[in-house]
Amino acid sequence: MEPMVWQGNWEMGETRLDGQHRAMVRAINLLATRLQEGRPREGVNRSITFLMIYAELHFREEEAAMEACGYPELSVHVAQHRECSRRIEDMLAKWREGDSGLLTEVIAFFNYWLTEHLGNADRRFSEYLRRPA
Ligand SMILES: [Fe+2]
Ligand SMILES: [Fe+2]
């Protein structure tokens, strides 16, 4: 699996949110590396748990920032975040039941989802923040 590479147009100009986005990209890449190295299940489990908790924290913080400025696309955006969490939770539940192939799918999904989300939905929010008064 190709590692995620940070794209210049993902930069929102919001220090905290940008930092969290970068950390998520790093965490996905680290998880992919650990998986390729064939690390023990517990180590991989710790990485994926960290990524999930971190993503939730980021989603809540981003949604709070949207709410604070009356962002009109808030509910659509929140639905995208929830859908992402739900899909990953579903896949992880199956992985925990013993389907080891699913972790690759989780990483691939997160990689795909984040690339698409940063380039579109999150970018629209940063454009809204920077809209002319
Ligand atoms: Fe978002
Ligand atoms: Fe985001």
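What follows is a short walk through one predicted model, from the whole chain down to a few single residues.

Let me begin with the overall picture, keeping in mind that everything I describe is computed from a predicted structure. The secondary structure of this chain comes to 5 helices and 0 strands, so that, read from the N terminus, the elements simply run α-α-α-α-α. The radius of gyration is 15 Å, close to the 14 Å that the globule rule gives for 133 residues, and the chain is therefore as compact as a globular protein of that length. Along its principal axes, the C-alpha trace spans about 55 × 25 × 20 Å. Of the 133 residues, 17% count as buried, and among the contacts between residues at least 6 apart in sequence, 61% join residues at least 24 apart.

As for annotation, the unreviewed UniProt entry carries the label "domain: Hemerythrin-like" for residues 15–124. In the model, that span is 86% helix and 0% strand, and its end C-alpha atoms lie 17 Å apart.

Now I would like to turn to helix 4, which covers residues 102–119 and reaches 26 Å from its first C-alpha to its last, close to the 26 Å expected at 1.5 Å a residue. Which residues of helix 4 are buried? They are Leu103, Val106, Ile107, Phe110 and Leu118, and because they cover an arc of only 95° around the axis, they sit on the same side of helix 4. On the other side of that helix, Tyr112 and Glu116 are exposed. What covers the buried residues of helix 4 includes helix 1 (15–36), helix 2 (41–68), helix 3 (74–96) and helix 5 (121–129).

This brings us to the interior. In soluble globular proteins, nonpolar side chains tend to be buried together. Here the largest nonpolar core has 14 residues, of which Ile28, Leu31, Leu51, Val106, Ile107 and Phe110 touch the most other members. Helix 1, helix 2, helix 3 and helix 4 are the elements that give two or more residues to this core. If we take isoleucine 107 and leave aside its neighbours within four places in sequence, its contacts are Met1, Ile28, Leu31, Ala32 and Leu35.

Staying with helix 1 for a moment, valine 25 lies in that helix and counts as buried, because it has 21 C-beta neighbours inside 10 Å, where 20 or more are needed. Beyond the neighbours within four places in sequence, valine 25 is in contact with Met4, Trp6 and Leu114. Valine 25 and methionine 4 are 21 residues apart in sequence, yet their C-alpha atoms are 6.4 Å apart in space.

Helix 3 is the next element to consider, and its 23 residues should span 33 Å at 1.5 Å a residue, which agrees with the 33 Å between its end C-alpha atoms. Within helix 3, His77, Ile88 and Trp95 are buried, and what covers them includes helix 2, helix 4 and helix 5. Following helix 3 comes glycine 98, whose phi is positive, near 120°.

Serine 75 and glutamate 63 are 12 residues apart in sequence and 9.1 Å apart in space, C-alpha to C-alpha.

Definitions and conventions
Residues are numbered from 1 along each chain as its sequence is written. Chains are lettered from A and ligands numbered from 1 in the order in which they are written. This is a predicted model: local features need pLDDT of at least 70, side-chain atom pairs count only at pLDDT 80 or more; totals for chains, interfaces and linings use all residues. UniProt positions are given in the numbering used here, feature names are shortened, and annotations may be inferred rather than shown by experiment. Helices (H or I, at least four residues) and strands (E, at least two) are DSSP runs, numbered from the N terminus. The expected span of a helix is 1.5 Å times one less than its number of residues. A residue is buried if 20 or more other C-beta atoms lie within 10 Å of its own, exposed if 12 or fewer, and partly exposed in between; C-beta atoms are placed from the backbone. The arc is that of the directions from the helix axis to the C-beta atoms. Two residues are in contact if their C-beta atoms, placed from the backbone, lie within 7 Å. A nonpolar core is a set of buried Ala, Val, Leu, Ile, Met, Phe, Trp, Tyr and Cys residues joined through C-beta atoms within 7 Å. The radius of gyration is taken over C-alpha atoms; the globule rule is 2.2 Å times the number of residues to the power 0.38.
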